[in-house]
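Dear colleague,

Please find the structure below, handed over for your own work. The findings follow directly after it.

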There are 2 protein chains.
Amino acid sequence: MGISRIGQALTAREILNLVDKDMRRVEDVMRMESVASVEAISAINRHIQASGGKRLRPTLVLLSTQLFAPLTDTAIAMAAVVEMIHTATLVHDDVIDAAETRRGKPSTNALWGNQTSVLAGDWLYMQAFQVAIRARNFRVLDLLIGMTQLMVEGELLQLERLGRIDISETDYMELVDRKTASLFSICARLGAMTGGANEADEARLGEFAWNLGIAFQLVDDVLDFTSRENILGKPVGSDLREGKVTLPLIYALQDATQAEREKVAAVLREQDYRSVRFDEITGIVKRYNGVERAMERAERFTERARALIGEFPESAYQRALFSVTDLVTARDH
Amino acid sequence: MGISRIGQALTAREILNLVDKDMRRVEDVMRMESVASVEAISAINRHIQASGGKRLRPTLVLLSTQLFAPLTDTAIAMAAVVEMIHTATLVHDDVIDAAETRRGKPSTNALWGNQTSVLAGDWLYMQAFQVAIRARNFRVLDLLIGMTQLMVEGELLQLERLGRIDISETDYMELVDRKTASLFSICARLGAMTGGANEADEARLGEFAWNLGIAFQLVDDVLDFTSRENILGKPVGSDLREGKVTLPLIYALQDATQAEREKVAAVLREQDYRSVRFDEITGIVKRYNGVERAMERAERFTERARALIGEFPESAYQRALFSVTDLVTARDH
């Protein structure tokens, strides 16, 4: 689909090649900024950085900056900052979800315990802000801190709704906006700002990334039903076990029978696949095309994202941002 | 003692009267800034604010500013910011210590659970920074974020040392510096900065408050042995039960017999006063003058604080800051 629009869509490999050298500089900054006077923090940071991750958020910053200007140290720093904030959020989320694995490795809380993980998350937030402050730009700080607060509120909203079967599509989209799309949007806007973009372009690129972020989270939630543990890096079906009813299931529940609804309710109640097996749940989701409908919804957001990025002048970085939309939807983990 | 130095020491009541009207403005800012789109946060913030506390940190900001200039909205905002950061720290600390009460009321984690409390603490940090950013002063942000990180590292260090009986006085002082004195120092420096003080005066007032903070924490740790639950607002002997060996006990252990040492070790091992009663522990502390020696140590820090504040020109606010040192040492909770 991307190809018909601009003729030269990039493959995932080509996008990564475009930012590869710069991403190594981002990794260097993260490594340098993750050494603390308390050894536990340094150890946790090494563990997290070694676990990797897709680095999608810093990629967005790097590509967005270069849509407007050559890369600067500030852009590298901003890319590191958003990944550090993202990581801090994950560390606290894993405590809250009592997650045992993350990216195929034991989670921080599984290795160091909840107490240390709470403080390590706090430390990472502060370190990210310390790096951000050095840019001496108040708007950058306004965006970063406002967005972090929005994400925390999103987590709290999610927590309040845990275990509820009557989650509406609107409830769900509110969480996706706060938990994922807002940070994506900020990444693009920080990049644009650092590249010297005007306000209209910054806002437009932010909207592009917001749509991309929504699609990303929708696909994430689909993968929790369709992927396999060794590919996903964590057990499939985790969302429902943790009490989270996501879009594929929300759609299926709209048409499900009372007996099927009761099966979903049982998993939520028991917080495990005990009296109901996971494949019974995926069976229900499949029966009512929950995955297809959620993927169609994701596709509408990536289409909107593609239209928005298509409005920018053609360049290698514009094509790369266009192609990131494919990366987000066509993935298995 | 204060009286011999400057002739006109203020009583606690007189100090409070001096900042009373301004503190109500600080409380208003805190109330306004504690309303979130997520009801749980607003409810937690109302609970915390109603629980009160000594408001020592905002008092320090208000008095420090007025040592140099009339009060401004920025000074009021800074006073609110330091109290919000302090509160966020307490919320996370209570999660980490699994504390059940704080200031005579159920702790946040006891009422809302650990998960919500972790996120509420995060939210409060971000809100404090949002308010601070509005002052559009990078040095303010440098100080606040650097100090918050120092406090978090202090908590982590404390966590690593939990349950250890071989804590030295140096280990202990390092924690007191990070956990309490640094924030006191920042309060005075923020006040001085907002009042337009020169760098030398700002540094000197910061040192005054640092000494005050050390004394404050030493007295706090003494009170955990000497006070009563209904006065302290939490069970006495909590520190040792939680695995924290503090100065009165560190001093006593230097001279204690092997049998007495074994009693302390038993409480640390059992994390409770089970095979050893609390009054056996206070007996050991008394036998070796642990409380007196810790209070003498505290007194040396308040004396240093008094000497430093004595170098500033006399004024109502200078006298108030002088008298705060009495407030810190001569208290029962």
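I begin with the place where the two chains meet. In this predicted model, 35 residues of chain B are in contact with 35 residues of chain A. On the side of chain B that touches chain A, the elements giving two or more residues are helix 3 (39-51), helix 5 (73-97), helix 6 (108-133) and helix 7 (138-161) of chain B. Helix 7 of chain B gives the most to that side, with 14 residues. By residue class, the side of chain B that touches chain A holds 20 nonpolar, nine polar and six charged residues.

The relation between the copies is as follows. Chain B is superposed on chain A by a rotation of 180° with 0.0 Å of shift along its axis, at an RMSD of 0.0 Å. That is the relation of a two-fold axis. Since 100% of the interface residues of chain B are also interface residues in chain A, the copies meet through the same surface.

The C-alpha trace of chain A spans about 60 × 55 × 30 Å along its principal axes. Of the 333 residues in chain A, 50% are buried. Among the contacts in chain A between residues at least 6 apart in sequence, 74% join residues at least 24 apart.

Two helix pairs in chain B may interest you. On the helix 3 side of chain B, Ala40(B), Ile41(B), Ile44(B), His47(B) and Ile48(B) take part, and they meet Thr108(B), Leu111(B), Trp112(B), Thr116(B), Ala120(B) and Trp123(B) in helix 6 of chain B. The residues of this contact divide into eight nonpolar, three polar and no charged.

In the second pair, helix 15 (residues 290-310) and helix 16 (residues 316-329) of chain B pack at an angle of about 175°, with their axes 9 Å apart. Helix 15 and helix 16 of chain B are therefore roughly antiparallel to each other. Among the residues that make the contact are Ala298(B), Thr302(B) and Ile309(B) of helix 15 of chain B, together with Leu321(B), Phe322(B) and Val328(B) of helix 16 of chain B. The contact of helix 15 with helix 16 of chain B comprises six nonpolar, five polar and two charged residues.

Finally, I draw your attention to the backbone of two residues in chain A. Most residues other than glycine have a negative phi. Gln271(A), although not a glycine, has a positive phi of about 50°. Gln271(A) is found in the loop between helix 13 (258-270) and helix 14 (278-287) of chain A, and is partly exposed, with 13 other C-beta atoms within 10 Å. Asn289(A), also a residue other than glycine, has a positive phi near 55°. Asn289(A) is found in the loop between helix 14 and helix 15 (290-310) of chain A, and is partly exposed, with 15 other C-beta atoms within 10 Å.

Yours sincerely

How values were computed: Residues are numbered from 1 along each chain as its sequence is written. Chains are lettered from A and ligands numbered from 1 in the order in which they are written. This is a predicted model: local features need pLDDT of at least 70, side-chain atom pairs count only at pLDDT 80 or more; totals for chains, interfaces and linings use all residues. Two residues are in contact if their C-beta atoms, placed from the backbone, lie within 7 Å. Helices (H or I, at least four residues) and strands (E, at least two) are DSSP runs, numbered from the N terminus. Ala, Val, Leu, Ile, Met, Phe, Trp, Tyr, Cys and Pro count as nonpolar, Asp, Glu, Lys and Arg as charged, and the others, Gly among them, as polar. Axes are lines fitted to C-alpha atoms, for helices over the stretch in contact, and angles run from 0 to 180 degrees between N-to-C directions. Angles under 35 degrees count as roughly parallel, over 145 as roughly antiparallel, 65 to 115 as roughly perpendicular and the rest as oblique. Copies are superposed by least squares on the C-alpha atoms of residues with pLDDT of at least 70 in both. A residue is buried if 20 or more other C-beta atoms lie within 10 Å of its own, exposed if 12 or fewer, and partly exposed in between; C-beta atoms are placed from the backbone.
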